[in-house]
Amino acid sequence: MRRLIVVVAVVAVLAGLFLYGLFRGPPNRDVPSNLIGKPAPQFTLPLYERFQPKYGASFSVDAHKGTPMVINFWASWCNPCFDEAPLLERYYRQYRDRGVLFVGVQTQDRGKYDAGRQFIDRFGYTFPVGMDNDSSIGVEYALFGVPETYFVDRSGTVVYKQVGPVTPAVMDKELEAILR
Amino acid sequence: MTRAATPAARRRPPLLLTALAAALLLAGAARAQPAAAPPATTQPAAGSDVEISDRAYAIARQLRCPVCTAESVADSNAEIAGEMRLLIQQQLDAGKSKEQIVSYFRQRYGDWILLDPPKTGLHLVVWLLPLLALLGGAAALVLLVRRWRTAAETTPDAPEEDLDRVRAALRAREDDA
């Protein structure tokens, strides 16, 4: 009888685990980034025309050493990117005088230059935005999806990665962190 | 004297086998599950439907598509997977080895990017567990079969005079026949 109870208990536990695996829903996408605490990968991003008079034909991370940066990856087909865009612009206007630079990287969006321009116009972006046409910058930053936003401090170290759209709480906390 | 198998004992093997089968099934399911997979929104490949070599395809099959669930870079239709296939091809064309290319992606995404976990350190558990479960199941099966056979060959546990009466009855039946 005792053995029967043990066997039934083992089967019940295994069956429970099996059912948990079946019904636990979509897996968590919050994979820890390898970049946190490491130097932000260098990249050169070809900029859209409207930003070229101020920033040049392309944006280079190395050229802005010592500047706290917010690097935002987005795509023209991504709905959460539309949701967060007004917030990004608002925070850029609020923090640019304190020396924070935002940069927008359109990625996973090969050839969609017109859609990119429309996006920029729609939200009136004043920070530099360019096209990562072959998504190689996205791979350098080990992007999982869009939007994703990296916060880089004065020393050029990635201190935080936001997966999904940014929120006021994240912006307040992480912007202050990279300004320290 | 060996004890005869009781009816309860005879019912045990199917339960044990069920438990073993469930364990093997779980081990298999655990192998097939992604450790953790991402994304929110994905976009089908656009300009990246470029032919790649068999070598590039073989490397892409080892890598997990970052925006998919349990799908390789080789098989995924997501744009980022297409760009990664191109990147692999470009790196091969630049003379890089398979190990160098895999290492390039591992440095950025960590071990997560590998569809099959590396056969080192703690990851070995994932590789060895199904094998151990299989060996354990086989060993349990051999033991059970041995026990059943021993039980079948064992003299019934009954008083000698009752056994004598049974033997006599069997003899009488044979004589009648």
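**Close-up views of helix packing and the nonpolar core**

**View 1. Helix 3 of chain A crosses helix 6 of chain A in a right-handed sense.** The model is predicted: local features need pLDDT of at least 70, side-chain atom pairs count only at pLDDT 80 or more, and totals for chains, interfaces and linings use all residues. Residues are numbered from 1 along each chain as its sequence is written, with chains lettered from A and ligands numbered from 1 in the order in which they are written. Helix 3 spans residues 79-95 of chain A and helix 6 spans residues 168-179 of chain A. Their axes come within 11 Å and cross at roughly 30°. Axes are lines fitted to C-alpha atoms, for helices over the stretch in contact, and angles run from 0 to 180 degrees between N-to-C directions. Helix 3 of chain A and helix 6 of chain A are therefore roughly parallel. Angles under 35 degrees count as roughly parallel, over 145 as roughly antiparallel, 65 to 115 as roughly perpendicular and the rest as oblique.

**View 2. L87(A), Y91(A) and Y95(A) of helix 3 of chain A meet P168(A), M171(A) and L175(A) of helix 6 of chain A.** Contact requires C-beta atoms, placed from the backbone, within 7 Å. The residues of this contact comprise six nonpolar, no polar and no charged. Ala, Val, Leu, Ile, Met, Phe, Trp, Tyr, Cys and Pro count as nonpolar, Asp, Glu, Lys and Arg as charged, and the others, Gly among them, as polar.

**View 3. The largest nonpolar core has 66 residues.** V152(A), A60(B) and M84(B) have the most contacts inside this core. Helix 3 of chain B (residues 79-93) gives the most to the core, with six residues. Such a core is a set of buried Ala, Val, Leu, Ile, Met, Phe, Trp, Tyr and Cys residues joined through C-beta atoms within 7 Å. Buried means 20 or more other C-beta atoms within 10 Å of a residue's own. Beyond four places in sequence, V152(A) touches residues including A40(A), P68(A), I71(A) and I178(A).

**View 4. Helix 2 of chain B (residues 54-62) packs on helix 3 of chain B at about 125°.** Their axes are 9 Å apart. The two helices are therefore oblique to each other. Among the meeting residues are A56(B) and A60(B) in helix 2 of chain B, with M84(B) and I88(B) in helix 3 of chain B. This contact has six nonpolar, one polar and two charged residues.

Notes:
Helix = DSSP H or I, 4+ residues; strand = E, 2+ residues; numbered from the N terminus. Left-handed = near helix turned anticlockwise from the far one by under 90°. Contact = placed C-beta atoms within 7 Å. Buried ≥ 20, exposed ≤ 12 C-beta atoms within 10 Å, placed from the backbone.
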